Amino acid sequence: MLVRQLSSRYNSRVLHRSFSAQAKLLDPGIKVEANQLFINGKYVDALSGSTMPSLDPRDESVICQVAEAQAEDVDLAVKAARDAFDSGVWSTKSGFYRSKILHKWADKLEENLEYVARLETWDNGKPLAFSKLDLHFCIEHIRYFAGWADKIQGKTLPNNDVLGKYFSYTLHEPKGVVASITPWNFPLLMFVWQAAPALACGNSMVAKVAETTPLTSLYNAQLMSEAGVPDGVVNVVPGLGPTAGHALAAHPGVNKVSFTGSGPTGRDVMISAAENLTSVTLELGGKSPAIIFDDANIDNAVNQLQVGLFLNQGQCCCASSRIYAHEKVYDEFVEKTLAATSKRKVGDPFGDVDQGPQQNRRQFDKVLDYLNKGKQGGAKVLHGGNRIGDKGYFVESTVFGDVKDDMEIAKDEIFGPVMQIMKFNDAEDVIRRANNTTYGLAAGVFSENINTCNAVSRALKAGTVWVNCYDVFDASVPFGGYKQSGFGRVKSEYAIENFTSVKCVTQLLPNDGGWYN
């Protein structure tokens, strides 16, 4: 009964809040300055002349036409990257030299932060304040790996003298040409997550950025060039996955594929890379659980999970989309969650809002489809549950209650502003339920008992576990998944392993004396 009363109370507030999306759209205040492919230090059209529209998700209008890379363009980009790598213009430079250039790249982003943030918001749809936050994370990430560039080193290894006197050591060398394939939810940040460590290690790269959000990565390519990154070291080729993405992942000139995106696309990337047995790092999707025990600070849990689920319009691979609240605190958590959600403003991301539109039509339709599945499957809409307006990709911040584990909304990655709240009463049972998924990217634990926090953190099968917090990121902290959420780690020193190969050198020592005799 309490849940029904809360649903009626807070859904009535949605009606008058939804009109914020229908006001006259604000002018982004900028012009697009880069819409061509970036190959070998120059902006060029696709060889075929193909273009594709970049749409404003606020109203589906065309921002501009963007060059659409085909297989032949990818081939040119890979050859440019290979020539640059083999020339040693970047790969054989000292780590100290590369570090200085990476810091200059970060400087360029700082100098152009307002423009790049506005371009990101225009192309992606996230609120401007969050685009600026993304840029700060980009800059932090670049500077972190700039610090690593001159600290990538091997080991001196003792030999056991079984075959004689030998001296061995290891070298951590750059892979060569890295294929970077990134998604549309954090366009520039995901590019930077891959580019910064790859370049710090001395690699060259070809980046296939998402076709629906290419603008910031294309503009950023020129900033990297201005910072001193040599021609051919970084190439950016927006295009469709089945054409440009496949051509890049399957290219025999590529030595490493680094992919961030959905599980199904990740499988396709692995299949393409397998043609040449190219090594792959995958950072994929999730259906992340957050468990709220009966001794948790409920106000903190509510605040953390508002971010955990609704950040970036819910378009986060680690979104806390399965929330398990202990039956003793379930009603309190639901009431406070609905109170917080009812205050969220959805509308033009250039205005004072908490949530902009979904990024693209395909994702927008997917979210609406899951809203219907939730309603038809028996879950209770406690807040939201509908499209806003008839233009653009706006969706209400939605909360479902009375959710069962076997419902599609509880099993599938929705990738939208749709929260599911479930009830539990036993720790072992909720751990089993939380782990009963093909995903394993992230999880959250909320409790004031340190033993509970430690025990549950170790029991959860996820690459990241946040305790009494959520969505806490730092360049020094690794991120990646278990199970079908991928393998390999992005960020932190662990990311260096993705972009280096270990070479062992063993040298025969002479027999005429010395310290080793």
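Reply: Here's a walk through the overall build, then the sheets, then the helix pairs.

First, a bit of housekeeping: this is a predicted model, with local features needing pLDDT of at least 70 and side-chain atom pairs counting only at pLDDT 80 or more, while totals for chains, interfaces and linings use all residues. Residues are numbered from 1 along each chain as its sequence is written, and side-chain values use heavy atoms, with hydrogens and water left out.

The protein has 15 helices and 20 strands. Those labels are DSSP runs numbered from the N terminus, with helices being H or I over at least four residues and strands being E over at least two. Its radius of gyration is 25 Å, close to the 24 Å that the globule rule gives for 517 residues, so the protein is as compact as a globular protein of that length. (That radius is taken over C-alpha atoms, and the rule is 2.2 Å times the number of residues to the power 0.38.) Along the principal axes, the C-alpha atoms fill a box of roughly 90 × 55 × 40 Å.

Pairing here needs at least two bridges found by DSSP between the strands. Strand β12 (residues 289-292) runs parallel to strand β17 (residues 442-446), and 3 bridges join them. Within that pair, Ala-290 stands opposite Gly-444 in β17.

Another open sheet has 3 strands, in the order β5-β6-β20, and its pairing is antiparallel. Here β5 (156-157) and β20 (500-508) take the edges with a single partner strand each, so one side of each has no neighbour in the sheet. Over 2 bridges, β5 pairs with strand β6 (residues 166-174), and Thr-156 has Tyr-169 as its bridge partner in β6.

On to the helices. Two packed helices are described by the angle between their axes and the distance between the axes. Axes are lines fitted to C-alpha atoms, for helices over the stretch in contact, and angles run from 0 to 180 degrees between N-to-C directions.

Take helix α3 (residues 95-111) and helix α6 (residues 187-200): they pack at about 160°, with axes 10 Å apart. That makes α3 roughly antiparallel to α6; angles under 35 degrees count as roughly parallel, over 145 as roughly antiparallel, 65 to 115 as roughly perpendicular and the rest as oblique. Contact (heavy atoms within 4.5 Å) involves Arg-98, Leu-102, Trp-105 and Leu-109 of α3, and residues of α6 including Phe-191 and Leu-199. By class, the contact of α3 with α6 has 10 nonpolar, no polar and 1 charged residues. (Ala, Val, Leu, Ile, Met, Phe, Trp, Tyr, Cys and Pro count as nonpolar, Asp, Glu, Lys and Arg as charged, and the others, Gly among them, as polar.)

Helix α4 (residues 113-124) and helix α7 (residues 215-227) pack at about 155°, with axes 9 Å apart, so α4 is roughly antiparallel to α7. Tyr-115, Val-116, Leu-119, Glu-120 and Asp-123 of α4 meet Leu-215, Thr-216, Tyr-219 and Leu-223 of α7.

Finally, helix α10 (residues 298-310) and helix α11 (residues 330-341) pack at about 55°, with axes 10 Å apart, and α10 and α11 are therefore oblique to each other. Their contact has 7 nonpolar, 3 polar and 3 charged residues.
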